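Student: I should like to learn how to read the features of a protein model. May we look at one together?

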Amino acid sequence: MLFRRCLRKAVFRRPKKPILVALLVVVLLQAPAAAYAMHIMEGFLPAKWCLFWWLLTIPFILVGMFSISKTVERHPQLKMLLGVAGAFAFVLSALKIPSVTGSCSHPTGVGLGAILFGPAAMSVLGCIVLLFQALLLAHGGITTLGANAFSMAVVGPFVAYYIYKLCCRLKAPLWLGVFLAAMLGDLLTYVTTSLQLALAFPAQVGGFTASLVKFMGIFAVTQLPLAVSEGLLTVVVFNLLAAYNRRELKELSVLGGESRFTEGAGMR
């Protein structure tokens with residue numbers, strides 16, 4: 001009896017400050033929920049922008065399919081390594097980390113594949129990764145696949161590849177080239193996504209520029225440290241591949257002589 005009386009009193013007791021409670025409910029109902037993420041979700045972009053990014057992405061995918069076909073035809077033993085590059089990108093880009101701004105960020109993992117097989121091949125692998133994530137993890141979308149693929153599977157790999165080649169030309173330590181390639185490839189992916197959102201949704205005050213600053217600020221809180229972490233992890237994975245798959249990396253012209261590989265800290 002005592003328990004039932006206490007329960008009834010707790011359930012039907014009137015709040016001491018009903019006006020304050022009502023105000024809190026109204027505020028919570030009216031507050032917009034931020035839903036920004038590195039992968040643009042299904043139905044978020046207008047149709048014209050979905051079509052625009054698809055048209056920009058398709059040529060890279062076609063060139064990438066030709067590049068993969070040519071590589072596999074010449075070196076069929078590299079199929080497993082190609083799968084490793086795709087799996088690395090899938091696992092890293094599926095790690096959604098919440099941001100203090102209400103968005104979520106994640107690594108991309110495309111830098112490793114771009115270094116090994118070139119940016120064109122990684123365009124295909126990145127698109128496949130994004131397709132599986134959209135279908136299996138509800139991360140991204142089908143209509144926005146072109147936009148997401150352009151940022152993560154086109155811009156990211158091309159930036160990573162040419163940063164790596166630039167470091168090689170400048171005779172920088174190999175570990176530094178891998179680190180900068182993965183880190184900057186990640187950062188430019190996030191910048192491209194911010195650019196896509198700003199083009200589709202310019203601010204009423206300030207237009208495209210204000211919107212771009214807003215979206216970049218939303219992602220920057222978590223994406224900057226994530227890019228550094230991805231660079232370090234890519235160096236570790238590259239180190240392992242160079243230790244156990246040295247012949248394959250030499251066939252891909254990623255590694256030169258022994259002295260080139262051992263140059264720099266931690267690359268033994």
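Student: Which residues touch the most other members of the largest nonpolar core?

Tutor: A nonpolar core is a set of buried Ala, Val, Leu, Ile, Met, Phe, Trp, Tyr and Cys residues joined through side-chain atoms within 4.5 Å. Buried means under 20% relative accessible area, exposed means over 50%, and partly exposed lies in between, with a 1.4 Å probe and protein chains only. In this predicted model, the largest core has 62 residues, and L116, F117, F238 and L249 touch the most other members. Helices contributing at least two residues each include α3 (47-74), α6 and α9 (207-244). Helix α9 gives the largest share, eleven residues. Helices are DSSP runs (H or I, at least four residues), as strands are (E, at least two), numbered from the N terminus.

Student: How many residues of α8 are buried?

Tutor: In α8, 19 of the 27 residues are buried, so this helix is largely enclosed by the rest of the structure. The expected span of a helix is 1.5 Å times one less than its number of residues. For α8 this gives 39 Å, which agrees with the 39 Å between its end C-alpha atoms.

Student: Is G64 buried or exposed?

Tutor: G64, in helix α3, counts as buried because its relative accessibility is 0%. G64 and S123 are 59 residues apart in sequence, yet their C-alpha atoms are 6.1 Å apart in space.

Student: Where does UniProt place the feature "transmembrane region"?

Tutor: UniProt annotations may be inferred rather than shown by experiment; positions follow the numbering used here, and feature names are shortened. The unreviewed UniProt entry places this feature at several spans, including residues 51-68 and 145-164. In the model, residues 51-68 are 100% helix and 0% strand, with end C-alpha atoms 26 Å apart. Residues 145-164 are likewise 100% helix and 0% strand, and their end C-alpha atoms lie 27 Å apart.

How values were computed: Residues numbered from 1 in each chain as written. Predicted model: local features only at pLDDT ≥ 70, side-chain atom pairs only at ≥ 80, totals over all residues. Heavy atoms only, no water.
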